[in-house]
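Visitor: Take me in for a close look at one spot in this model, please, and spell out your cut-offs as you go.

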Amino acid sequence: MIEISHISKTFTSRENTVDAVRDVSLQVREGEIFGVIGNSGAGKSTLVRCLNLLEIPDSGEMRVAGRRIALRGGRAYFDGSSRPAGEKQLGQLRRSMGMIFQHFNLLDRSTVFDNIAYPLRYTGMNRTDISSRVMELLRLVGLTDKAGAYPSQLSGGQKQRVAIARALAGSPKILLSDEATSALDPDATESILNLLRTLNEELGLTIVLITHEMAVIKAIAHRVAVMENGLVVEEGDVYDVFANPQQDITRRFVASATALSRVDKLLREDSPLVQVKPGEMLLRLTFSRESVGDAAISAISRDYGVSVNIVLASVEALRDDTLGGLIAVFQGRPDQLEGAVSWLEENRIKVEVLRRG
Ligand SMILES: Nc1ncnc2c1ncn2[C@@H]1O[C@H](COP(=O)(O)OP(=O)(O)OP(=O)(O)O)[C@@H](O)[C@H]1O
Ligand SMILES: [Mg+2]
């Protein structure tokens, strides 16, 4: 659906040069929700603007909207052409993707209806068709009763629904979402994420979702790329990235969205909860789909004589999946502990030793 190879974008001003996107290669599959997460300044917005050529990359290649596009010297060359694409071609490509933003970007002096009708008026569609299309879009986002309202009369979540309806007016197959929930409260965030998920499932809309919050990725994304300093440093299925983060930055993002990360604070504060005596180990266990937590705990205490004292436990909801975790003090003789740890690992439970007594 979207394939980008070795895309780079540098901003140069008199004072400095910023390599906002550095040699990024990615594939977004048809019908998926692809998340991009990173801290402020990581290059997320630049990357997503490169996808629809709002920002023309300096170099690289991409396949998008059925076109093969080569990027050289800040110009785009479509389908092997030796002449750079002009505004008309670029405009067509941009319109093939919808885009939504953190601050909605609605026209304050226009009604909800007119905000959504606006992009349709440039397509040559007649007034009756525009009207029925707008009403259809309002139904889709659950705002039929707000057609005549002005943006100032809407809540943040409702404004974002209008922005989504407007982005979908031209029936794009791809929706680019740049921090669409960052300005919303938790309830509105949840309802917008649910709407995006429904659009993905019912219309088959492919969504590229930019965020700095792992909770957003966790709620609806299928796959995720992690960006740091313009680079994509890690990429994979959301479940695998959560269960087994490889990079420090990814671990920090994962920790920010899991209850078990409280243990890091307990360890820093040297809390009584995480003290270990000789013959004890403080372990973090991660249970994946194939392994079940309570069965494992009873098995090791029964078969290895190890006693398990639970400090923290959690079950994370990831889209339709769950991922369990446990932090516990294990107590026993060295051979018992060793046997228990081997058993856990053989049963596909990830074991990390946090402290040894
Ligand atoms: N038009 C521009 N001119 C100059 N520098 C830019 C421009 N746009 C972005 N940058 C720089 O490129 C880097 C990446 O910016 P970008 O907006 O892509 O980051 P981001 O990951 O979206 O951050 P945030 O989470 O704060 O939105 C930053 O250092 C930024 O200052
Ligand atoms: Mg941004």
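Guide: A residue counts as near a molecule if one of its heavy atoms lies within 4 Å of it. By that rule, ligand 1 is surrounded by Phe11, Val18, Ala20, Asn39, Ser40, Gly41, Ala42, Gly43, Lys44, Ser45 and Thr46. Bear in mind that this is a predicted model, where local features need pLDDT of at least 70, side-chain atom pairs count only at pLDDT 80 or more, and totals for chains, interfaces and linings use all residues. Residues are numbered from 1 along each chain, chains are lettered from A and ligands numbered from 1 as written, and side-chain values use heavy atoms, with hydrogens and water left out.

Now the polar contacts (pairs of N or O atoms within 3.5 Å). Ser40 puts a polar side-chain atom 2.5 Å from an oxygen atom of ligand 1. From Thr46, a side-chain N or O atom sits 2.6 Å from a ligand 1 oxygen. Ala42 takes part through its backbone, with an N or O atom 3.2 Å from an oxygen of ligand 1.

In contact (heavy atoms within 4.5 Å) are residues including Gln160 and Ile164 of α5 and Leu195 and Leu199 of α6.

Key. Helix = DSSP H or I, 4+ residues; strand = E, 2+ residues; numbered from the N terminus. Polar contact = N/O pair within 3.5 Å; in protein donor to acceptor, adjacent residues only side chain to side chain.
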